[in-house]
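Dear colleague,

Please find below the structure that I am handing over to you, together with its sequence. My notes on it come directly after.

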Amino acid sequence: LSDPALGVYDWFEVKPPAVLKGLDAKLVRLVTGAKPSVAEASGASLSIFEEIECVAASESEWVVSFRGRDSRGALLHAVEALLQEGLSILWAKVHTWGRQIDDVFGVRPVDRKPDELVRSLRARVANTKV
């Protein structure tokens with residue numbers, strides 16, 4: 001990448017070995033005697049998407065965006081939510097950068113308002129585990 005002030009640069013992420021992941025939570029549980037939460041026990045995230053919105057709506061197409069942390073299965077959950085709402089997906093673009101995602105879908109409009117659809121989608125994926 002390049003930046004006028006910084007010049008050319010590159011970034012990367014260093015992850016510790018899997019055995020170190022969650023070590024701090026395990027140590028706290030050992031010291032306090034607390035039991036792991038459902039999310040910790042399963043390794044799942046309770047909130048896949050931090051934001052769902054209809055970014056454009058016309059008579060022929062609605063554009064729906066699912067934004068959040070990159071996690072395995074997120075795209076599949078977005079597709080399932082759209083299909084459960086009775087939508088036909090016309091196209092999809094998936095954007096990832098760092099640990100963030102923005103899964104954007106063009107869908108065929110349905111017989112309700114876009115804001116009603118967004119509320120329903122938010123409720124549908126609110127507690128979905130990945």
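The notes below go from the overall layout to the sheet, the core and a few individual residues.

**Overall layout**

Please bear in mind that this is a predicted model. The chain contains four helices and six strands, and along the sequence they follow the pattern β-β-α-α-β-β-α-β-β-α. Of its 130 residues, 25% count as buried. The chain exposes about 9,000 Å², of which carbon and sulfur atoms supply 56%. Contacts between residues at least 6 apart in sequence were also examined, and 59% of them join residues at least 24 apart.

**The sheet and the helices on it**

Four strands form an open sheet in the order 3-4-6-5, and their pairing is antiparallel. Strand 3 (49-57) and strand 5 (89-97) are at the edges; each has a single partner strand, so one side of each is left without a neighbour in the sheet. From one strand to the next, the twist averages 15 degrees.

Strand 6, which spans residues 100-107, pairs with strand 4 in the antiparallel sense over eight bridges. An example from this pairing is serine 65, whose bridge partner in strand 6 is valine 104. Strand 6 also pairs with strand 5, again in the antiparallel sense and over eight bridges. Here, alanine 92 has phenylalanine 105 of strand 6 as its bridge partner.

Two helices pack on this sheet. Helix 3 (residues 74-84) touches strand 3, strand 4 (62-69), strand 5 and strand 6, and its direction makes about 30 degrees with that of strand 6. Helix 4 (residues 114-125) touches strand 3 and strand 4, with its direction at about 160 degrees to that of strand 3.

Strand 5 and strand 6 form a hairpin with two residues between the strands, and in this hairpin glycine 98 takes a positive phi near 60 degrees.

**The nonpolar core**

The largest nonpolar core has 17 residues, and those that touch the most other members are Phe49, Ile52, Val64, Phe66, Leu82, Val107 and Leu121. Strand 3, strand 4, helix 3, strand 6 and helix 4 each give two or more residues to this core. Helix 3 gives the most, with four residues.

Apart from its neighbours within four places in sequence, valine 107 is in contact with Ser60, Glu61, Trp62, Val64, Leu82, Leu87, Ser88, Ile89 and Leu90. Strand 6 as a whole is mostly covered, with seven of its eight residues buried.

Aspartate 102 lies in strand 6. Its relative accessibility is 13%, so aspartate 102 counts as buried, the limit being under 20%. The side chain of aspartate 102 makes a polar contact with that of arginine 67, at 3.5 Å. When neighbours within four places in sequence are set aside, aspartate 102 is in contact with Ser65, Phe66, Arg67, Lys93, Val94, His95 and Trp97.

Glutamate 85 is placed in the loop between helix 3 and strand 5. With 10% relative accessibility, glutamate 85 counts as buried. Its side chain makes a polar contact with the side chain of arginine 112, at 2.5 Å. Residues up to four places away in sequence not being counted, glutamate 85 touches Arg112, Leu117, Ser120, Leu121 and Arg124.

Glutamate 50 is found in strand 3. Its relative accessibility is 54%, and because exposed means over 50%, glutamate 50 counts as exposed. Glutamate 50 and phenylalanine 66 are 16 residues apart in sequence, and their C-alpha atoms are 7.8 Å apart in space. Beyond residues up to four places away in sequence, glutamate 50 touches Arg67, Gly68, Arg69 and Gln100.

**In brief**

With kind regards

Methods: Residues are numbered from 1 along each chain as its sequence is written. This is a predicted model: local features need pLDDT of at least 70, side-chain atom pairs count only at pLDDT 80 or more; totals for chains, interfaces and linings use all residues. Side-chain values use heavy atoms; hydrogens and water are left out. Buried means under 20% relative accessible area, exposed over 50%, partly exposed in between (1.4 Å probe, protein chains only). A polar contact is a pair of N or O atoms within 3.5 Å; within protein, one must be able to donate a hydrogen and the other to accept it, and residues adjacent in sequence count only if both atoms are side-chain atoms. Contact means heavy atoms within 4.5 Å. Two strands pair if DSSP finds at least two bridges between them. Axes are lines fitted to C-alpha atoms, for helices over the stretch in contact, and angles run from 0 to 180 degrees between N-to-C directions. A nonpolar core is a set of buried Ala, Val, Leu, Ile, Met, Phe, Trp, Tyr and Cys residues joined through side-chain atoms within 4.5 Å. Accessible areas come from the Shrake-Rupley method with a 1.4 Å probe; for residues, only the protein chains shown count as cover.
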